[in-house]
Amino acid sequence: MYQSPATYGLDLEPLKSTISLPYQLTPGRATGTFLAELAKRRIVASRCRACARVEVPAQDVCSCGSDELDHVELGHQGELRGFTRTPDFTLARVRLDGADCDLLHRLSGAADWQVGMRVQAAWAAEAKGSVLDLAGFELATKTTITKPTPLTEAAEPILSIPTSLTLHFRHAHGPYYGRLFDEMKTAGRILGIRCTKCHSVLLPPRELCDVCYVKTGTWADIADHGVLQAFSIIHLKFVGQTREPPYVYAEIMLDGATTKIIHILEGVDIAAAPRNLKPGMRVKAVWKAERKGSLGDISHFELEAPQG
Ligand SMILES: [Zn+2]
Ligand SMILES: [Zn+2]
C-alpha cells in the first residue's frame, strides 16, 4: 500500500542516546583560591593595584587589564540587584559590600524577593570544593556592613574540577530510516534505495547517493542473507559496549545491496575464527522474536554453512 514518505516511522520510538563528555574545568589561580576558601566560609575577591576595582570571584586579571591584583576577603552580606526564577532555583545578582561587580549565585529560602533587599551568605553544611559550598544567599537577619580586608593565609587554589557534560538526544528517523525500520518491524523485510545514476542499492536508504550526489529513486528489496566481507575479533572492553568480549564484528554485504552493514557474527569458535573465517563466506540474519523497528531487530548473523 502506498504511504506518503512523511508518514513512515511515526509509530516508532525515537532513537534515544546519551553523550557524556567528562572533562576537567580549570578555573585559574584566583578563582581557584575563591573556590578553595569557600570551605573556610570566606568570600575572596581581587583588588586591583592600578584602579582599586574589587571583583568577586577573585580574578587573575582586572577588567582594566592590569594583572597586579591582591586577594581581599569580603563580608558575607550585600544587596540583591536582580534575580530570575528557573524551574529549579532562583538565580540572583548580589552586590556584596565593598565589591564593584555583582556575584551571580542562587537565592535560598522562600521570600518575597525584591531588588534592593539585604541578603547574607547561606553555607552548605559540608564543603565539597565547589561553588555550592556557598549554598546561596538568604534574607539578611540584621544588616552588618564589612569592608574588604587583605586575605591572610590563603588556601591552596583548586586548579582543576572534574566535571561532565551530559547530552540526551532523541533522534527522529525521517522518511528513509522510518520506512526501513517500519518494514523491518512489521514485515521482517529489509529495504534499500537505488541511485538513479549509478544504480547502487544503498543500505541504510538515504536521500542522496553519496558517490553521485544525486537523489535516490526507487526502493529495492534486500535479502537478509549475504556475504561476509571482513571481520574483527573484539577483545577490548570499551565504553558503551553492548556485549561482553570476545565477539566477532563483521562487515556484511547483503544480497541485493551495494553497501555493507556491520553486525555481530555469532556461532563461531572465537579461538579458531582467525583461521576458519574467510571473506566470501555466506551468512544469514537471525531475527529477534519481538521486533521494535531498528537494526537491533536482527539479533545477529550466523554462517549459512556451520563452521567445520
Ligand atoms: Zn584594575
Ligand atoms: Zn549513485
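Among contacts in the chain between residues at least 6 apart in sequence, 56% join residues at least 24 apart. Two residues are in contact if their C-beta atoms, placed from the backbone, lie within 7 Å. The model is predicted: local features need pLDDT of at least 70, side-chain atom pairs count only at pLDDT 80 or more, and totals for chains, interfaces and linings use all residues. Residues are numbered from 1 along each chain as its sequence is written, while chains are lettered from A and ligands numbered from 1 in the order in which they are written.

## Overall form

The C-alpha trace of the chain spans about 85 × 50 × 40 Å along its principal axes. Its radius of gyration is 31 Å, whereas a compact globule of 308 residues would have one near 19 Å. The radius is taken over C-alpha atoms, and the globule rule is 2.2 Å times the number of residues to the power 0.38.

The chain is divided into domain 1 (27-159) and domain 2 (224-308), with bounds that come from an automatic or database domain assignment. Between the C-alpha centres of domain 1 and domain 2 there are 58 Å.

The secondary structure amounts to three helices and 19 strands. Helices (H or I, at least four residues) and strands (E, at least two) are DSSP runs, numbered from the N terminus.

## Burial and cores

Of the 308 residues, 29% count as buried. A residue is buried if 20 or more other C-beta atoms lie within 10 Å of its own, exposed if 12 or fewer, and partly exposed in between; the C-beta atoms are placed from the backbone.

A nonpolar core is a set of buried Ala, Val, Leu, Ile, Met, Phe, Trp, Tyr and Cys residues joined through C-beta atoms within 7 Å. The largest such core has 31 residues, and L203, I222, A250, I252, L254 and L265 touch the most other members. Apart from this core lies another, of 26 residues, among them L38, A92, L107 and A121. In soluble globular proteins, nonpolar side chains tend to be buried together.

L254 shows what surrounds one of these residues. Leaving aside its neighbours within four places in sequence, L254 is in contact with I190, L203, I222, A223, D224, H225, G226 and I261.

Buried residues in α2 are Y176, Y177, G178, R179, L180, F181, D182 and M184. The buried residues of this helix pack against β12. Just after α2, G188 takes a positive phi of about 60 degrees.

Strand β12 also belongs to an open sheet of three strands, in the order β13-β12-β14 with antiparallel pairing. Two strands pair if DSSP finds at least two bridges between them. The edge strands are β13 (201-202) and β14 (216-222), each pairing on one side only. Five bridges link β12 (residues 190-195) to β14 in the antiparallel sense, and the partner of L191 in β14 is D221.

## The four-stranded sheet

Another open sheet has four strands in the order β3-β2-β4-β10, again with antiparallel pairing. Because β3 and β10 stand at the edges, each with a single partner strand, one side of each is left without a neighbour in the sheet. Strand β2 (residues 43-48) is joined to β3 by two bridges and runs antiparallel to that strand. The bridge partner of R47 in β3 is V54.

## Backbone features in loops

The peptide bond from V56 to P57 is cis, with omega near 0 degrees, and P57 lies in the loop between β3 (54-55) and β4 (69-74). A cis peptide bond also joins P245 and P246, with omega about 0 degrees; P246 is in the loop between β15 (225-234) and β16 (247-254).

Two residues other than glycine have a positive phi, as the table sets out.

| Residue | Phi | Loop |
|---|---|---|
| H199 | about 65 degrees | between β12 and β13 |

E153 counts as exposed because it has 7 C-beta neighbours inside 10 Å. H199 has 12 such neighbours inside 10 Å, and therefore counts as exposed.
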